[in-house]
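Here is a short report for a first look at this model. Keep the view open while reading.

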Amino acid sequence: MNAHESDADVLERLLASRRSSRGFRPDPVDRATIDRLLAAAQRTPSWCNTQPWELIVTSVEETAALREAFAADGPGGSDLEFPPGYEGVHADRRRDVGWQLYEAVGVAKGDREASSREMMRNFVFFDAPHVAIVHTPRSLGTYGAIDCGLYVQSFLLAAEALGLGACAQAAVAAFAPTLHRRYDIGDDRQIVCGIAFGYADPDHPSAQFMSRRVAVEDSVRII
Ligand SMILES: Cc1cc2nc3c(=O)[nH]c(=O)nc-3n(C[C@H](O)[C@H](O)[C@H](O)COP(=O)(O)O)c2cc1C
């Protein structure tokens, strides 16, 4: 850290440097670092301070076992409804980041087999040593899920600050039946998403791009 950096400088730097990691070194993250990450993320705000997030965090061995369970079971459906489709600027932005990723990892436009292979890497958690599964009470509905979204961002930023790589994964939520069964998560709770994490492999081709954002003026009207 630069001695002249203000809190705002540090926050802006972390927000600017964080990116989704889709390539990891196999080394486990030591328990003290995981505990620090979780303690930082636990400070996330939530409506009425309900703190509805609960997590399963897997060891290297359990991550490997979960990969096998996913391969054996296949996706059985998600608790939260996935968007039925993307339209307009949202479709454009989705396509743009997809092409950035495919270009980085060498998938040619229109190569459906290679793009499907890349998509399937979701289900091995991009070879991350750990995955966190975030779940929330069904009864808290949309706002419980929003609280979990805030939690995910805290987790991702804390991971960045601790020198870890991470990738939020809605794709993991498509295996909700496997996750409920394997971790004894009651039907009164919904799986929100997974977060693959570990030490990012800086040499992995997927690390070679930074996703773009639209101008603030495209998102905000100040009245
Ligand atoms: C709730 C949520 C779910 C996501 N699910 C996936 C996923 O299933 N697979 C994936 O590769 N990336 C997933 N991402 C990562 C986004 O694609 C990524 O955040 C976005 O493209 C911006 O890129 P950046 O994280 O590198 O800034 C998800 C992100 C969020 C916030």
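## The ligand site

An oxygen atom of the ligand lies 2.9 Å from a polar backbone atom of Ala 171. Such a polar contact is a pair of N or O atoms within 3.5 Å; within protein, one must be able to donate a hydrogen and the other to accept it, and residues adjacent in sequence count only if both atoms are side-chain atoms. The protein covers 66% of the 620 Å² of accessible area that the ligand has on its own. Accessible areas come from the Shrake-Rupley method with a 1.4 Å probe; for residues, only the protein chains shown count as cover.

In total, 14 residues surround the ligand, each with a heavy atom within 4 Å of it. The closest are Ser 20, Arg 22, Asn 122, Ala 170 and Arg 213.

## How to read the model

This is a predicted model: local features need pLDDT of at least 70, side-chain atom pairs count only at pLDDT 80 or more, and totals for chains, interfaces and linings use all residues. Residues are numbered from 1 along each chain as its sequence is written, and side-chain values use heavy atoms, with hydrogens and water left out.

## Helix α3

Helix α3 covers residues 60–73. Helices (H or I, at least four residues) and strands (E, at least two) are DSSP runs, numbered from the N terminus. The 14 residues of α3 reach 20 Å from first C-alpha to last, close to the 20 Å expected at 1.5 Å a residue. That expected span is 1.5 Å times one less than the number of residues.

Which residues of α3 are buried? They are Thr 63, Leu 66, Ala 69 and Phe 70. Seen down the axis of α3, these buried residues fall within an arc of 120 degrees, so they line one face of the helix. The arc is that of the directions from the helix axis to the C-beta atoms. Buried means under 20% relative accessible area, exposed over 50%, and partly exposed in between (1.4 Å probe, protein chains only). Turned away from the buried side of α3 are the exposed residues Glu 61, Glu 68, Ala 71 and Ala 72.

The buried residues of α3 pack against β2 (130–137) and α7 (176–183). Contact here means heavy atoms within 4.5 Å. After α3 comes Gly 74, with a positive phi near 75 degrees.

In α7, the buried residues are Ala 176, Thr 178, Leu 179, His 180 and Tyr 183. Their cover includes β1 (54–57), α3, β2 and β4.

Most residues other than glycine have a negative phi. Asp 184 lies in the loop between α7 and β4 (189–198). It is exposed, with a relative accessible area of 70%.

Asp 127 is not a glycine, yet its phi is positive, about 65 degrees. Its loop runs between α5 (112–120) and β2. Asp 127 counts as partly exposed because its relative accessibility is 40%.

## Gln 100 in α4

Gln 100 lies in helix α4 (residues 88–105). Is Gln 100 buried or exposed? At 11% relative accessibility, Gln 100 counts as buried. A polar atom of the Gln 100 side chain lies 2.9 Å from the backbone oxygen of Met 210. Leaving aside neighbours within four places in sequence, Gln 100 is in contact with Phe 209, Met 210, Ser 211 and Arg 212.
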